[in-house]
Amino acid sequence: MSETPVAIRLPAEERCALELTALCHNDPYPRPPGWLLSPKRVETFLLGSGKETFPTPDGQPVAIRPKYLGDRRLIQVAIATLASERALLLVGEPGVAKSWVGEHLAAAISGTSRLIIQGTAGTTEDQIKYAWNYALLLAEGPSERALVPGPILRAMRQGKIARFEELTRCASEVQDTLLSILSEKEIAIPELGQVVLAQRGFNLIATANTRDRGINDMSSALKRRFNFVTLPVVDTLEQEMAIVETRTRDLMADYRVQAEVPADLLKLLVTVFRELRAGLTLDGQTKVKSPSTVMSTAEAISVLLNGGILAQHFGDGRIGAAEVMRSLVGAVTKEDARDVACLEEYLENVVRPRKGGEWQAFYRAGKDLL
Ligand SMILES: Nc1ncnc2c1ncn2[C@@H]1O[C@H](COP(=O)(O)OP(=O)(O)OP(=O)(O)O)[C@@H](O)[C@H]1O
Ligand SMILES: [Mg+2]
């Protein structure tokens, strides 16, 4: 029997449609022009409502789940920026939730997170502004019908938030196409003798990764048109455990993975990530060699999800040290195969002396594999 196809991943506005309806229905606060929600409710959408619930129009109480776990003030600054004349640049190490936050902000403010450009070395000015359907262009000359507006042009016309992922991967000349868009809030289409003016509600959320070419590539003129919000690497072990656990459970539900995540194993995994990342054990006593790859929270989530799939299909349905170790090796050696030495050294110097069943099982799994 064949199953009806189901999308693997829905955009935030569809995944969280019920939450957005409930928030919109209970929003007594002032909204900036063109916004679906007030800044205060956008904040609630991003950070969660705790025990408070909001009724939908038909009376169903909805609790708002936290999307971003971290500093409330950062999110407030990000939201306030989007209500100003400046655009927002989310900066940070890989895997600190820049894209995730951008997607949810756009969904809450504009009801769509899909007006998006993925920046690459090959991004061209056409992709940022507009292109043409060449068959129509040849047949009838430049016309509205032959115009293929890019995501930013569509966002300007509709008064919505556009997203520009990995802005600093684009060539500087291409980035600078944004200058006039962000200062004059218009795009000229000389072929049609038209100037498209951005409607109220339009703004831009860009992300930039500090590990790639970095933000140094941006011209200072362009930098001035953005407010920078730096998303930090997660502060504490407890907070990182909470993020990894919640996101892994969500992903397991999406991918129909049924595996148990034991609490002590979650703690072990996050501890390993934090220690390898910092180059120091959590008690500050032992130095650890850090691998060249970024041991990000996002990577920890992916290791645990992989562990879950291994446990469900090839194990006993419970994620154990062996499954974590098997997925971890791939994560640690992503940038450089020689980084396996960091893991071996960590096993001998840090893991071996540790008491506790999970740590010992983790050590044995490592010795088996490496
Ligand atoms: N503080 C956090 N709160 C909630 N989720 C987080 C947090 N940090 C990381 N995550 C999770 O990490 C995953 C990866 O995040 P995302 O892809 O947005 O990272 P990124 O910063 O855009 O990375 P890259 O620079 O590689 O594009 C997401 O599933 C996100 O939920
Ligand atoms: Mg990203």
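Predicted model: local features only at pLDDT ≥ 70, side-chain atom pairs only at ≥ 80, totals over all residues.
**View 1. Residues around ligand 1.** The shell around ligand 1 holds 17 residues. Those that come nearest are Leu 69, Gly 95, Lys 98, Ser 99 and Arg 247. By residue class, the shell divides into nine nonpolar, five charged and three polar residues.

**View 2. Polar atoms facing the oxygen atoms of ligand 1.** Ser 99 places a polar side-chain atom 2.7 Å from an oxygen atom of ligand 1. For Arg 247, a polar side-chain atom lies 2.8 Å from an oxygen atom of the ligand. Val 96 takes part through its backbone, with a polar backbone atom 3.1 Å from an oxygen atom of ligand 1. On its own, ligand 1 has 640 Å² of accessible area, and the protein covers 84% of this.

**View 3. The pocket of ligand 1 and the helices around it.** Ligand 1 sits in the largest pocket. The elements that give two or more residues to its shell are helices H5 (98-110), H12 (237-254) and H14 (297-314). Helix H5 gives the most, with three residues.

**View 4. Ligand 1 and the two domains.** Domain 1 spans 12-230 and domain 2 spans 237-369. Because both domains give residues to the shell around ligand 1, the ligand lies between them.

Conventions:
Residues numbered from 1 in each chain as written. Chains lettered and ligands numbered in written order. Heavy atoms only, no water. Near = heavy atom within 4 Å. Polar contact = N/O pair within 3.5 Å; in protein donor to acceptor, adjacent residues only side chain to side chain. Areas by Shrake-Rupley, 256 points an atom, 1.4 Å probe, with all protein chains shown as cover. 1 Å grid on protein atoms, 1.4 Å probe; cavity = no way out; pocket = protein on both sides within 12 Å on 5 of 7 lines; lining within 4 Å. Sits in = over half its atoms within 2 Å of the grid points. Helix = DSSP H or I, 4+ residues; strand = E, 2+ residues; numbered from the N terminus. Nonpolar A, V, L, I, M, F, W, Y, C, P; charged D, E, K, R; others polar. Domains from an automatic or database assignment.
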